Amino acid sequence: MFRGEVAMQLIIGNQNYSSWSMRPWVAMTHFGIDFETIKLRLFTPEFYQQLSAYTSANTVPVLIDKKLGCIADSLAILETLAEQYPQMWPQDPVLRAQARSVCARMHSGFFAMRGEMPMNCRAQQRQLQITDACAKDIAAVQSLWQECRELTAKLGGGSDGYLFGDFSIADAFFAPVVIRLQGYAVSTTPPTQQYMQLMLATPAVAAWVAAGQAEEDILAQDEVGIK
Ligand SMILES: N[C@@H](CCC(=O)N[C@@H](CS)C(=O)NCC(=O)O)C(=O)O
């Protein structure tokens, strides 16, 4: 099952739509971790059947590690990998604590934005009616990004322009939000646009988007907005 020398496999869903899968795939690709991708077609009978061979979790992503076993959940996967690859978190302890905090907030919040603006790599500035709750999430995420960058500048963190200077797990966590903001015609601030451009030009993010756009499956429930 494993390519001889590869110690890890990552099970993901459709790259066009699977925002949770995008997080570890982008981070692992960015940090040059050697892994094999197993892509399953979301919501098909085969998806659940094949997944059940590895884990009792009915969701992707799942990391299969030769030594550690099957790890479900994007946050658990990235926390586990960061034990082996500490460069995935900011080096500064204050920035690292904040990076963990914003990842957890993304993991357990921003429900309106997630629900109303499904990640869809093929969508480009689609017209969409959003609720006040969704507009509030969009404003909150932009303030959060600004806070991260201001704190990083204050503490003299890396200057690459990512949330905590150098690319970290936090950027991987917000990569699907960048795709969402690009997919729908919602207004964003100039610093947000700058961050979005940086993220979209990041090779691991661009590779994920290209793979998603090349897929042919259409998930009707994730196709919203007017082209
Ligand atoms: N909290 C989980 C959520 C994973 C999740 O909901 N994945 C979606 C795909 S993006 C899924 O597998 N859905 C299948 C289903 O709900 O039946 C994580 O971070 O990995």
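**Chatting through loops, rings and helix contacts**

Q: Where does Pro 61 sit?
A: Pro 61 is in the loop between helix 2 (45-52) and strand 3 (62-65). Keep in mind that this is a predicted model.

Q: OK, and is the peptide bond from Val 60 to Pro 61 cis or trans?
A: That bond is cis, and its omega is near 10 degrees.

Q: Is Asp 73 buried, partly exposed or exposed?
A: Asp 73 has a relative accessible area of 35%, so it counts as partly exposed.

Q: And what about phi of Gln 125?
A: That one is near 45 degrees, again positive in a residue other than glycine. Gln 125 lies in the loop between helix 5 (111-116) and helix 6. With 43% relative accessibility, Gln 125 is partly exposed.

Q: Switching to rings: how many aromatic pairs are there?
A: Counting rings whose centres lie within 6.5 Å, you get seven aromatic pairs. Take Phe 31 and Phe 167: their ring centres are 6.1 Å apart and their planes are at 55 degrees, so this pair is tilted.

Q: Which parts of the chain do Phe 31 and Phe 167 tie together?
A: Phe 31 is in the loop between helix 1 (19-30) and strand 2 (36-39), while Phe 167 is in the loop between helix 6 (132-154) and helix 7 (169-183). The pair therefore ties together parts that are 136 residues apart in sequence. Phe 167 is buried, with a relative accessible area of 4%.

Q: What kind of pair do Trp 145 and Phe 174 make?
A: An edge-to-face one, 5.9 Å from centre to centre with 90 degrees between the planes. Trp 145 belongs to helix 6 and Phe 174 to helix 7, and this pair links distant parts of the chain, 29 residues apart.

Q: Are Trp 145 and Phe 174 buried or exposed?
A: Trp 145 is buried, at 0% relative accessibility. Phe 174 is buried too, at 0%.

Q: Which residues form an aromatic cluster?
A: Trp 25, Phe 35 and Trp 208 form one.

Q: New topic: how do helix 1 and helix 7 pack?
A: Their axes are 7 Å apart, and the angle is about 125 degrees. That makes the two helices, helix 1 and helix 7, oblique to each other. The crossing is right-handed.

Q: Which residues of helix 1 and helix 7 make the contact?
A: From helix 1, Ser 19, Met 22, Arg 23 and Ala 27. From helix 7, Ala 172, Phe 173, Ala 175, Pro 176, Ile 179 and Arg 180. Sorted by class, this contact of helix 1 with helix 7 has seven nonpolar, one polar and two charged residues.

Q: And how do helix 4 and helix 7 cross?
A: The axes of helix 4 (residues 93-107) and helix 7 come within 9 Å and cross at roughly 30 degrees. Angles under 35 degrees count as roughly parallel, so helix 4 and helix 7 are roughly parallel to each other. Helix 4 passes helix 7 in a left-handed crossing.

Q: Who's touching whom between helix 4 and helix 7, and which classes are they?
A: Helix 4 brings Ala 99, Val 102, Cys 103, Met 106 and His 107, and helix 7 brings Ile 169, Ala 170, Phe 173, Phe 174 and Val 177. The contact of helix 4 with helix 7 has nine nonpolar residues, one polar and no charged ones.

Conventions:
Residues are numbered from 1 along each chain as its sequence is written. This is a predicted model: local features need pLDDT of at least 70, side-chain atom pairs count only at pLDDT 80 or more; totals for chains, interfaces and linings use all residues. Side-chain values use heavy atoms; hydrogens and water are left out. Rings of Phe, Tyr and Trp (its six-membered ring) pair if their centres lie within 6.5 Å; planes under 30 degrees apart count as stacked, over 60 as edge-to-face and the rest as tilted. Helices (H or I, at least four residues) and strands (E, at least two) are DSSP runs, numbered from the N terminus. Buried means under 20% relative accessible area, exposed over 50%, partly exposed in between (1.4 Å probe, protein chains only). Axes are lines fitted to C-alpha atoms, for helices over the stretch in contact, and angles run from 0 to 180 degrees between N-to-C directions. Angles under 35 degrees count as roughly parallel, over 145 as roughly antiparallel, 65 to 115 as roughly perpendicular and the rest as oblique. A crossing is left-handed if the near helix is turned anticlockwise from the far one by less than a right angle, and right-handed if clockwise. Contact means heavy atoms within 4.5 Å. Ala, Val, Leu, Ile, Met, Phe, Trp, Tyr, Cys and Pro count as nonpolar, Asp, Glu, Lys and Arg as charged, and the others, Gly among them, as polar.
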